[in-house]
Structure formats: C-alpha cells, structure tokens
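Biologist: I would like to learn how to read a model of this kind step by step. Could we look at it together?

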Amino acid sequence: MVARFSNDAILDQLRSGSAHFELVSSPVRSISESNSIVNVNTMQLFENRRSHWFFATIGSPLSAAPSSVDKKVEHYSVRKVAGDGRCMFRALVKGMAVNKGINLTPLREREDADELRTAVKEVICEDKKEQRMYKDAVIAITVDEPLHRYCQRIGRSDFWGGESELLVLSKLCHQPIIVYIPQTELKGGGRGFIPIAEYGAEYYKPSGKTKPRKAVRLLYSGSNHYDLLV
C-alpha cells in the first residue's frame, strides 16, 4: 500500500534515521511514467507537492559503514538562483547558458525563464496536437489538479515549476536534466549531492540534426526551491 506524506514529514524521517533512501544504479526516472516507479520490497512513501516527487523506503537507520548512498554522492559547486517563483526556470536557463559558455545578465535570465514558462503553457494548454506529444507531463499535472486550473495558473510569474515542466522542457529543448538533493538531507550526510531524477537522457548523444548536449544539473533544496549545480 502506498502512503502519502508531506515533504517535511519525509525529510524528518530521513534525518531521524527512521527512513532511508533506496538508490538504484542510475538516477530515478520520472515516476509519472507508467513503468518508472522504482521497485523495492519494502514500503514506499511518495509525495507530490505541485509535481515534486520523492521516494523513501522505511528501514533501519543508515549505518556508519559505507552504503549505497555514499557511492552515489557527487560533488559540484552551487550557483544560487533567485527565489521569485521562477527558480526552476531560472536554474535551467542559467545551466544551458553555462554549458554554452554564455553569461546571462539578471534581466536576460529573467526574460529567458519567462520564455520557458510560456513555452510550456503553449504546448500543454494552447495546442492540442502538441499536447499529445507530452502525455507524461499531462498525467503528472492531472494527478494533482484539473488541467484547466493548471493552465490558468502557469501564466503567473509566481508559478513554481517542477516535475511536469521538466518533462516538457527536457524534450522541448532537447536537454538532459538531472535533479539532485543535498547529501545533508540524509542523517549524517556530508557536503555532496545525490541524484534523484533524470529527464531527457536520450539527448546526450547526437541524433539527426540534434547535437549532443551536456546535462544541466538542478539542486532541489527543499521549500520548493531550485539552484544550479556546476
């Protein structure tokens, strides 16, 4: 049976050691996809707060010995992103610019972030033909709210982007995206980062007119905020 808990409740259990992350050999795919829920033998906790998905497995506290978590820890620098409701969009445009060796002005970053938001609205809310190409995103949206309500909200500047928008933008921009959490979210955690989800993995390699792309690495650090990892 799947139980639903708030993000804060899950993080409290992770900190106390009453829950721990069950990591697989590669970052977890979007769990809005029909066959992508991670298979574990113990109870899974799932949470969707405006399309942000996490999972944890009830089990014994993490031991002092090296664990599967330690093996998945990666190390990057954090580039802070303004928390103005555009943080996910800002982090993504900033990351794509960094990969191209481009420095964005604050104004350009904001404008490009709003363009990404608008692009998602257009394919999901304004073009039925385009919408059919993003079924996974539509499923993720409608699990949480009716599509018409989502379409009313996404145009607002304080709309928070997350799972649904990453599903769209990875495909729309032909961009691999990896989402991480801080290692400090785990009991006894260090200074690294743990990958929890990946989108657009098919764009690492060139295909036809599409050039190979470097991943943009986003840090989800709680309170529905995203920063950039470089």
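Biologist: Which residues have the most contacts inside the largest nonpolar core?

Modeller: A nonpolar core is a set of buried Ala, Val, Leu, Ile, Met, Phe, Trp, Tyr and Cys residues joined through side-chain atoms within 4.5 Å, where buried means under 20% relative accessible area, exposed over 50% and partly exposed in between, with a 1.4 Å probe and protein chains only. In this predicted model, the largest such core has 42 residues, and those with the most contacts inside it are L116, I124, Y150, L166, V179, L218 and Y226, a contact being heavy atoms within 4.5 Å. Helix α3 (residues 87–99) supplies the largest share of this core, seven residues. Another core, of six residues, lies apart from it and includes I178, F193, A215 and L219.

Biologist: What should I know about the numbering and the rules behind these values?

Modeller: Residues are numbered from 1 along each chain as its sequence is written, and side-chain values use heavy atoms, with hydrogens and water left out. As this is a predicted model, local features need pLDDT of at least 70 and side-chain atom pairs count only at pLDDT 80 or more, while totals for chains, interfaces and linings use all residues.

Biologist: At what angle do the axes of helix α4 and helix α8 cross?

Modeller: Two packed helices are described by the angle between their axes and the distance between the axes. Axes are lines fitted to C-alpha atoms, for helices over the stretch in contact, and angles run from 0 to 180 degrees between N-to-C directions. Here the axes of α4 (residues 106–126) and α8 (residues 163–172) come within 10 Å and cross at roughly 95°. That makes α4 roughly perpendicular to α8, a term for angles of 65 to 115 degrees. On the α4 side the contact is made by L116, A119, V120, V123 and I124, and on the α8 side by E165, V168, L169 and L172.

Biologist: How many residues of α8 are buried?

Modeller: Eight of its ten residues are buried, so α8 is mostly covered; among them are E163, L166 and S170. Just after α8, H174 takes a positive phi of about 50°.

Biologist: Where is the pLDDT below 50?

Modeller: Where pLDDT, the predictor's confidence in each residue from 0 to 100, is low, the predicted coordinates should not be read in detail. The chain averages a pLDDT of 77, and 67% of the residues score at least 70. The pLDDT is below 50 over residues 1–5 and also over residues 21–69, a stretch that has 136 contacts in the model beyond near neighbours in sequence.

Methods: Helix = DSSP H or I, 4+ residues; strand = E, 2+ residues; numbered from the N terminus. Parallel < 35°, antiparallel > 145°, perpendicular 65-115°, else oblique.
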